[in-house]
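User: Could you walk me through how this one is packed inside?
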Amino acid sequence: MIIVAFFIAHWQLSVFFQTFFLHRYGAHRQITMSKGWEKFFYICTYVSQGSSFLSPRAYAILHRMHHAYSDTPKDPHSPTNYKDVVTMMLATKHKYDAFAYYREEPEAKFDGGFPEWPAVDKLAQSWTGRILWGGAYVLFYVHFVTAPWMWALLPMHFVMGPIHGAIVNWCGHKYGYQNFKNGDDSKNMLILDFLTAGELFQNNHHKFGMSPNFAARWFEIDPAYQVIRVFAALGIVKYGTTQRMRWPAATSANDATEAEPEVDAAAAE
Ligand SMILES: [Zn+2]
Ligand SMILES: [Zn+2]
């Protein structure tokens, strides 16, 4: 029971900090926070992702490329460019490493504006750091496993981040329904995205890239946005009113910037 709870907690926290800190804050700047909170959430992201920590810098660069070139040959991880999910993830890792380890210069338009903490990145991306986390997961399992099948969950802890990436990048542009014609293959997969904390509302998100709420229709629920609303109410984060359009406010790719933004109670100071 403890193992199952640990697995669920690791899965949920890891994907939450990916969408909240790396994606919505780091890559898109949908929300703002003080430098102190930024440091706090940087550490939270590291601790929750552990052995599969993703550098905010490399994540932001790769992700901005994904939006700019969505489902074209220059998209770093579009399912249209790869025969299967494993091939896509290996290619994505290769491109990610180029930016994470400063082997390649990004295009200027994709650079800057993301949180940076070189000391944490250095530790997190070192083999020592990754192996220590891996060892900690093994020790936890050794101590708490009560049935043999539980060992099958252990390898997933080592690569929690890439597992989420594979689900979101592959399924989010392949399976599901579309609310908006964005000119790409982005889809919404689940109406309540408990699996990836809202990340599977890819179609809505590609339409409203600056909205902190990835849900757009009344029956869609984005769990991470609900947490962001609580953070905003507590004064931890702020988000603007740039994009709060909802279905059916905009129905084509062109009206995204013209629709009247809604002001959220939590955003109005
Ligand atoms: Zn996408
Ligand atoms: Zn995005």
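Predicted model: local features only at pLDDT ≥ 70, side-chain atom pairs only at ≥ 80, totals over all residues.

User: Which residues touch the most other members of the largest nonpolar core?
Analyst: They are Phe-20, Ala-58, Tyr-59, Leu-62 and Ile-228, out of 42 residues. A nonpolar core here is a set of buried Ala, Val, Leu, Ile, Met, Phe, Trp, Tyr and Cys residues joined through C-beta atoms within 7 Å, and buried means that 20 or more other C-beta atoms, placed from the backbone, lie within 10 Å of a residue's own.

User: And which helix gives the most to this core?
Analyst: H1 does, with nine residues; helices are DSSP runs (H or I) of at least four residues, and strands (E) of at least two.

User: Where does this core lie relative to the domains?
Analyst: It lies between domain 1 (1–171) and domain 2 (180–269), because both give residues to it; the bounds come from an automatic or database domain assignment.

User: Switching topic, at what angle do H4 and H8 pack?
Analyst: The angle is about 115°, with the axes 10 Å apart, where axes are lines fitted to C-alpha atoms over the stretch in contact and angles run from 0 to 180 degrees between N-to-C directions.

User: What about H10, which are its buried residues?
Analyst: Pro-223, Ala-224, Tyr-225, Ile-228 and Ala-232 are the buried residues of H10, and H10 is followed by Gly-235, whose phi is positive, near 80°.

Notes:
Residues numbered from 1 in each chain as written. Chains lettered and ligands numbered in written order. Buried ≥ 20, exposed ≤ 12 C-beta atoms within 10 Å, placed from the backbone.
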